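Please go through this structure one region at a time. The terms are given with their cut-offs as they come up.

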Amino acid sequence: MIINLYDTFEKRKKEFKPLKKDFVRMYDCGPTVYSHASIGNMWRYLVSDYLRRILELNGYTVKQVLNITDVGHLTQDDLLAADTGEDKIEKAAKKEGKTPEQIAQFYTQAYFKDRKKLNILDPVVVTKATEYIPQMIKIIEGLIKKGFGYELPDRVCFDVEKFKSYGKLSDKTLDQLRSGARLEPIKGKRSPYDFSLWIKDDKHLMKWNSPWGVGYPGWHIECSAMSLDTLGESIDIHSGGEDNIFPHHENEIAQSEGFTGKKFVNYWVHIRFMLVDGEKMGKSKGNYYLLSDLEKEGYEPLAFRYLTLSNHYTSPINFTFESLKNAQKALNRLRLAVWRLKKNAESKDEKKVKILKNNLLEKLNNDIGTPQALAYIWEILDSDVKLGDKLELITMADKVFGLNLVDWNFSVSEEIKKLVDNRNKLRSKGDYEKADKIRDEIKRKGWVVSDTDGNVEVFPDLDDHTY
Ligand SMILES: [Zn+2]
């Protein structure tokens, strides 16, 4: 079945065609590990996870590579293509009284813990920037040889004017870039948007030898080197947050294509920002949340996952605690619905199942259409489709949703079982008043007892969380 993906480079939805049959080379720009990842960061990795799972559902083998930026890039990098500023990892190391390696290791582990909680699949390959310095040096040497790189007394720069299609990904022309330059020019830089490939600095805590002296690599060169080494010269998909488009990905294209002379990426997938209460998230604004902050409020990480499934990645997601609460409730309802299906599923109509699955896949394949797929699941749940068919459809959907719906279960304690038995006995004797009192007691203990079609059901009162 056709998969469509929106490609930032061509600015249109394109049919996905891999370079190699049945195989996908996918590179995700990973975190810079100097602090905890925010829920906005995690949204970006959740979308990558949905994409990978959709590709796998379609039968592709996905080689998903994720990098860990453990060298640290410069604090100004987020704002501008600046080459001045302090290294984030070193800054954190000084502040916390640790070595940069300790900082990187700590926050890498924290990041992977969050991924696990959110049920994000482990990447096939995880690369650390510090382990790819020789590969970076090789590319820089090649770029200098080809006239794209030039050496200054304190650094090696990339000459953006030499790379003809510079600005195409971010839709910026060099003229616009020049007039919009708000940077203090670095001495000897040929153009304000030339960026550093290597910074000579023997005082930097993390430093390596290079043909241009002791120092450390520029941020952008890391991803070019790791992508080239693990996936080859051309890859299918490169993902990142929308803030990566410029300058990071623009510079990656310039470096990679300048070096290999080949097209670097066929599909650029960019995930929009996360807003909180309609505003941009910011540490100083007090609306900067970590996954652990949501857990402290009593929400499950999977409720956050559910929330992100219901928002398409090409629009900004607006996080509110109200929407998280609704997501938690919806997740709970979905779990109960699946639990019931598992208990009651009867024979299936294979033909019907095939149609349902095709409909679902069509929605997912349309540019990571998880919101449409989720809506479809609710629609089918409410329909008169056979229970067995519903269960099979949801089992398939959950391969992408990753909500562990089918595995979800609970056990009823002896105490509750006894109360339910007592209630049943009272009811069979016609003593409904006393039976209802016991039902209320069960409810107070966090359980629901319900009578449907002559069957007595007992399950946790999932809506009763005092969030
Ligand atoms: Zn990157």
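Two strands pair if DSSP finds at least two bridges between them. Helices (H or I, at least four residues) and strands (E, at least two) are DSSP runs, numbered from the N terminus. The model is predicted: local features need pLDDT of at least 70, side-chain atom pairs count only at pLDDT 80 or more, and totals for chains, interfaces and linings use all residues. Residue numbers start from 1 along each chain, as its sequence is written.

By an automatic or database domain assignment, the protein is divided into domain 1 (4-271), domain 2 (276-401) and domain 3 (414-464). The centres of domain 1 and domain 3, taken over C-alpha atoms, are 58 Å apart.

An open sheet of three strands runs in the order β13-β12-β14, with mixed pairing. Its edges are β13 (279-280) and β14 (317-319); each has a single partner strand, so one side of each lacks a neighbour in the sheet. Strand β12 (residues 274-276) is antiparallel to β13 and joined to it by two bridges, with V276 opposite E279 of β13.

A second open sheet has five strands in the order β5-β4-β3-β10-β11, paired in parallel. Here β5 (125-128) and β11 (265-271) are the edge strands, each pairing on one side only. From one strand to the next, the twist averages 20°. Six bridges link β10 (residues 235-241) and β11 in the parallel sense, and G240 stands opposite H270 in β11.

Helix α6 (residues 219-231) lies across β3 (23-28), β4 (61-68), β5 and β10, and runs at about 150° to β4. Axes are lines fitted to C-alpha atoms, for helices over the stretch in contact, and angles run from 0 to 180 degrees between N-to-C directions. Contact between two residues requires their C-beta atoms, placed from the backbone, to lie within 7 Å.

Helix α4 (residues 133-145) packs against helix α7 (residues 245-260) at an angle of about 70°, with the axes 9 Å apart. That makes α4 roughly perpendicular to α7, a label for angles of 65 to 115 degrees. I139, G142 and L143 of α4 meet Q255, G258 and F259 of α7 in this contact. Its residues divide into three nonpolar, three polar and no charged; Gly counts as polar.

Finally, Q105 lies in helix α3 (residues 100-117). With 16 other C-beta atoms within 10 Å, Q105 is partly exposed, that is, between buried (20 or more) and exposed (12 or fewer). The C-alpha atoms of Q105 and V33 are separated by 7.8 Å, although the two are 72 residues apart along the chain.

Note on methods:
Angles under 35 degrees count as roughly parallel, over 145 as roughly antiparallel, 65 to 115 as roughly perpendicular and the rest as oblique.
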